[in-house]
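Here is a friendly note to read with the structure open beside you. Take the points one at a time, and find each residue on the screen as you go.

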Amino acid sequence: MSSASDHLMVQNGRANSSKVPVGSGVLESTVIRNNDIEANQRAVTVEWMNSIVPNLNFPVRASSEELRACLIDGTVLLQLLNKLRPGYACKAGSSSSENVRKFLASMDELGILKFELSDLEKGSMKNVMDCLSTLRAQFSYMGVVSPIGGNKYGSPHGDASSNGLSSSPTFREEKQKFSPDSKTQQALRSPVMTEPSAASMHHVVHKFHEVFQLKQGRYSDLSAAKISEMMKSNSLDNAPTQSLLSVVNGILDESIERKNDKIPHRVACLLRKVVQEIERRISTQAEHLRTQNNLFKVREEKYQSRIRVLEALASGTGEERGVVMDRLQQIKIEKSKMEEEKKTGVEHVAKLIKEQEQRDVELSDLKQELKLAKQTHELHCLQMETEAKAAKDGLEGRMKELEILLEDSRNQVRVLEAYSQSKSNMFNKKEHIFKSFVEFQFGALKELMLSSKSIKHEILQVQKSNLEEFNDLGVKLKALIDATGDYHIVLAENRRMFNELQELKGNIRVYCRIRPFLPGQAAKHTTVEYIGEHGELVVVNPSKQGKDRRRNFKFNKIFGPESTQAEVYSDTQPLIRSVLDGYGVCIFAYGQTGSGKTYTMVCICRHSIISCN
Ligand SMILES: Nc1ncnc2c1ncn2[C@@H]1O[C@H](COP(=O)(O)OP(=O)(O)OP(=O)(O)O)[C@@H](O)[C@H]1O
């Protein structure tokens with residue numbers, strides 16, 4: 001047992017052995033001792049929980065609130081229960097209260113005084129710790145037969161002597177070897193070995209059904225090896241008591257039926273083993289009952305001491321009365337404080353009532369505002385509905401228009417698709433034409449390239465021939481240039497000679513041109529009598545006599561009435577050449593009006609333009 005447990009036992013011993021004195025000091029010391037006992041009991045229980053639930057490591061001297069925080073969700077309680085009752089396999093639920101209820105139901109099943117859910121939530125933790133302490137004590141001291149085995153598979157409540165086993169010589173001999181005390185101590189020393197788990201119990205039951213119950217009535221036929229195997233294994237220790245009793249009854253019935261009072265040796269050994277096991281369990285159970293009895297005695301002593309304390313208080317001395325008066329004074333002070341708090345509370349309530357009235361007024365105002373807002377909102381809703389209806393109608397109309405537009409658009413799309421298709425066909429045709437054109441152009445280009453090559457070749461040949469011709473022409477041109485030089489010299493000489501000839505003809509020359517009669521002139525009577533080849537002119541004036549009648553004139557040349565403009569120009573043409581050669585020349589006409597000056601100089605011909613030219 002742990003140190004905490006030892007300490008608890010010492011404290012329990014002191015509490016039990018001490019006599020309760022009369023007076024408040026005694027009361028206080030008793031209360032303190034009871035508190036110490038509870039604290040130690042709690043520490044032992046916590047240490048026991050730490051040893052069973054893995055990784056719990058809860059502080060041994062934890063406070064009530066710390067314990068409450070640890071146990072409130074019920075998972076630790078269910079873990080504890082699953083460790084103590086492996087076959088129970090109680091899973092944690094969705095809520096903490098569900099877990100705690102499962103644990104409490106299991107406590108009901110085990111017959112342990114349980115606590116209430118409210119105790120764990122907000123009440124005293126003492127009831128909780130008492131329950132856990134009882135659970136610890138039950139599983140620690142019951143040892144051999146667990147509450148599960150006892151309840152589920154039958155407990156050895158029956159008296160062993162009733163089966164006649166106590167009268168058996170074999171039983172008496174073995175009973176001396178395996179006394180209850182030694183077995184109990186063994187059970188207390190190794191509770192795990194003597195306490196069958198649910199899983200092992202199930203296995204053993206199955207095995208016993210196979211080996212014993214299925215072959216009931218034929219125990220004598222069991223082989224020695226089978227019996228020794230069963231006796232060697234520890235499965236007999238873990239077997240349910242009901243099965244063990246069934247085996248004993250079966251063997252005894254078999255022996256009675258045979259009526260020869262002989263039991264085979266191996267069956268007798270098995271019988272002895274089974275009886276020893278039953279005896280051990282009975283003794284363990286008796287030990288447990290004694291332990292429980294002691295616990296109940298301890299509790300009775302505790303309650304007796306409390307009763308005595310209360311009686312001492314009830315019949316206390318003057319000193320106690322003083323203590324009581326002091327206590328009463330304190331209570332009065334607390335009462336006055338509470339009355340003040342109550343007064344403050346009343347004022348606070350009045351204040352709250354006023355505030356509530358204000359809130360009511362505000363609430364009524366708010367209700368009015370809410371009503372107005374509701375009406376406004378309803379009007380607004382109606383208006384909105386009207387607008388929504390109008391908008392809906394408009395949207396429907398718009399939808400119809402859009403549908404018509406959509407249909408038009410689809411038609412246009414179809415037209416455009418057809419147009420696009422025709423365009424595409426046209427483009428394909430054009431592409432085909434263009435390709436053929438390009439091919440034709442490529443062919444033509446090739447022909448052109450070939451012809452270009454031939455032309456280039458011809459040009460080169462022509463250039464070659466031209467070069468030859470140019471060379472020949474150069475030679476000829478050189479000869480011509482030489483000849484031209486001679487020509488210029490000859491020309492200059494000729495010009496010089498020409499001008500000299502003009503000078504020889506006379507620098508001042510007088511020509512006479514006789515105008516013919518103009519059409520429409522009445523008297524066509526001429527006065528020119530003679531025109532000589534070398535410029536002689538004879539004019540006759542019939543109105544005069546003598547030498548004035550005939551007058552002779554001499555000119556460089558005379559142009560008669562039949563002379564043309566060409567004839568006049570041919571005689572003056574060399575003068576123009578002299579002008580070009582740089583000589584000064586002046587030609588002017590002289591005569592009376594209408595004599596033909598302009599006609600001769602300007603050459604405006606009215607009748608014979610050709611002749612003028
Ligand atoms: N040789 C000619 N042959 C025929 N007609 C001529 C000839 N000479 C002059 N005429 C005619 O005579 C007319 C007068 O000629 P023109 O005007 O040349 O005279 P003019 O001397 O210039 O006169 P004016 O001094 O008044 O200017 C014109 O009608 C012209 O055609």
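1. Let us begin with one side of a helix. The face of α5 that is turned away from its buried side carries Ala-105 and Asp-108, both exposed. Please keep in mind throughout that you are looking at a predicted model.

2. Which residues of α5 are buried? They are Asn-99, Val-100, Phe-103 and Ser-106. These residues sit on the same side of α5, because they cover an arc of only 115° around the axis.

3. What do the buried residues of α5 pack against? Their partners are α4, which spans 75-84, and α6, which spans 117-121.

4. Helix α5 runs over residues 96-110, 15 residues in total. From its first C-alpha to its last it reaches 21 Å, close to the 21 Å expected at 1.5 Å a residue. Just after α5 comes Gly-111, with a positive phi of about 75°.

5. Next, step back to the core. The largest nonpolar core has 23 residues, and Leu-77, Leu-81 and Val-128 touch the most other members. At least two residues of this core come from each of α2 (24-52), α3 (64-71), α4, α5 and α7 (125-141). Which helix gives the largest share? That is α7, with seven residues. Apart from this core lies another, of 13 residues, including Leu-244, Ile-251, Leu-270 and Val-275. As background, nonpolar side chains tend to be buried together in soluble globular proteins.

6. Finally, consider the chain as a whole. It contains 20 helices and five strands. Of its 613 residues, 14% count as buried. Among contacts in the chain with a separation of 6 or more, 65% are between residues 24 or more positions apart.

Technical notes. Residues numbered from 1 in each chain as written. Predicted model: local features only at pLDDT ≥ 70, side-chain atom pairs only at ≥ 80, totals over all residues. Helix = DSSP H or I, 4+ residues; strand = E, 2+ residues; numbered from the N terminus. Expected span 1.5 Å × (residues − 1). Buried ≥ 20, exposed ≤ 12 C-beta atoms within 10 Å, placed from the backbone. Arc of directions from axis to C-beta. Contact = placed C-beta atoms within 7 Å. Core = buried A, V, L, I, M, F, W, Y, C linked by C-beta atoms within 7 Å.
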